[in-house]
Amino acid sequence: VSKLLKAKPIVRILKKQLSSDISEMKERPYLVVFLVGEHPPSLIYTQKKKIFCEEVGARCDIIHLPANIEQHAFNAKLSAFAKDSNVHGILVQLPLPKQLDPNAINEIIPYEKDVDGFHPQNIFRLFNGSKDFYHISCTPWGILKLLESYNISVPGKNVCIIGRSSIVGKPLALLLTQHNATVTLCHSQTQNIQKHSQIADIIIVAVGKKHFLDKTYLNSDKKQIIIDVGINQCATNGLTGDVAPECIDECLQITPVPGGVGPMTIAGVVHNLIRAALHQKGL
Ligand code: GUN
């Protein structure tokens, strides 16, 4: 088994499948990405989404709005694209400037076009394990795909998720529960997180703190799998994850940062975009 769970070989295969799916479609799937302000990571992520779309033959436009845009002007822009039947997927890159209410997005983007999977209808269908059409949020989807692709079985496993964000921790807990894992969702108020993480088969860290997870969180078996969702700016060497480097020698397999969960998330956006486009054509 390879120690590093790299996204690259999986994304290469996914890109082939996605390109092939798109080449069979009459109309190119079209994603509109809203970017508000100049938050540096958001500038990078939105650009990566656009590049990925174009590499597989989808269309993507980034609507870049000023940081001080008012709610009514923002809503009006979003509404225009939400109603446009040529647009199959829309996402608003988070975080938003303080004057904008992130919940307003869900009132405007219909759930079919919500490729982020944040709309209440999408969350509810994930909650219910619905058979009807819905979008799974991209990071949870990407993590599950990564595990599947490396033949890491989920049913019956003890999974410890650290971090309860609406973007990662909470939807991931629902998705892994749906896939028959036994999920423990830890957070900043959890007492003795180590007690939970040490008995886990899979530890997923999404707290946004550089090198949060050190070897005290692991047991001594060296059989644990670590998924590092963190992307923290590091003054000395670029991007770094939520997992301390000392953990590499103490686990069975671990995702690198960069090159692990990040690219899988972007693949998830385009996966959802294609499904959105097919669904909107009644396919
Ligand atoms: N910011 C960080 N992660 C995400 C994501 O998955 N979607 C959006 N829209 N913004 C983000």
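Asn 151 sits in the loop between α6 and β4, where helices (H or I, at least four residues) and strands (E, at least two) are DSSP runs numbered from the N terminus. Its phi is positive, near 55°, although Asn 151 is a residue other than glycine. Most residues other than glycine have a negative phi, and most peptide bonds are trans.

Before continuing, I should state the basis of these values. The model is predicted, so local features need pLDDT of at least 70 and side-chain atom pairs count only at pLDDT 80 or more, while totals for chains, interfaces and linings use all residues. Residues are numbered from 1 along each chain as its sequence is written, and side-chain values use heavy atoms, with hydrogens and water left out.

Two peptide bonds also deserve attention. Leu 94 and Pro 95 are joined by a cis peptide bond with omega about 0°, and Pro 95 belongs to the loop between β3 and α4. Val 257 and Pro 258 are likewise joined by a cis peptide bond, with omega about -5°; Pro 258 is found in the loop between β10 and α9.

I turn now to the sheets. Strands of a sheet pair through backbone hydrogen bonds, either parallel or antiparallel. Here, two strands pair if DSSP finds at least two bridges between them.

Strand β4, residues 158-162, runs parallel to β5 and is joined to it by five bridges. In one of the pairs, Ile 162 has Cys 186 of β5 as its bridge partner.

Seven bridges join β1, residues 30-36, to the parallel strand β2, and Val 36 has Leu 65 of β2 as its bridge partner.

Grid points are joined across faces, edges and corners, and a volume is the space filled by probe spheres set on the points.

The largest pocket has a volume of about 1400 Å³. It is lined by 50 residues, and those closest to its centre are Tyr 45, Val 229, Ile 231, Gly 262 and Thr 265. Two or more lining residues come from each of α1 (8-23), α2 (40-55), α6 (138-149), β8 (232-234) and α9 (261-280). The largest share, eight residues, is from α2.

The second largest pocket holds about 360 Å³ of space. Among its 18 lining residues, Leu 94, Asn 106, Phe 118, Ser 166 and Ile 167 lie nearest its centre. At least two lining residues are supplied by each of β3 (89-92), α4 (104-108) and α7 (169-178).

I close with helix α9. Its 20 residues should span 28 Å at 1.5 Å a residue, and its end C-alpha atoms are 29 Å apart, which agrees; the expected span is 1.5 Å times one less than the number of residues. After α9 comes Gly 282, with a positive phi near 75°.

Methods
On a 1 Å grid over the protein atoms alone, a cavity is a set of points where a 1.4 Å probe fits but cannot get out, and a pocket is an open set with protein on both sides within 12 Å along at least five of seven lines; lining residues have an atom within 4 Å of a point.
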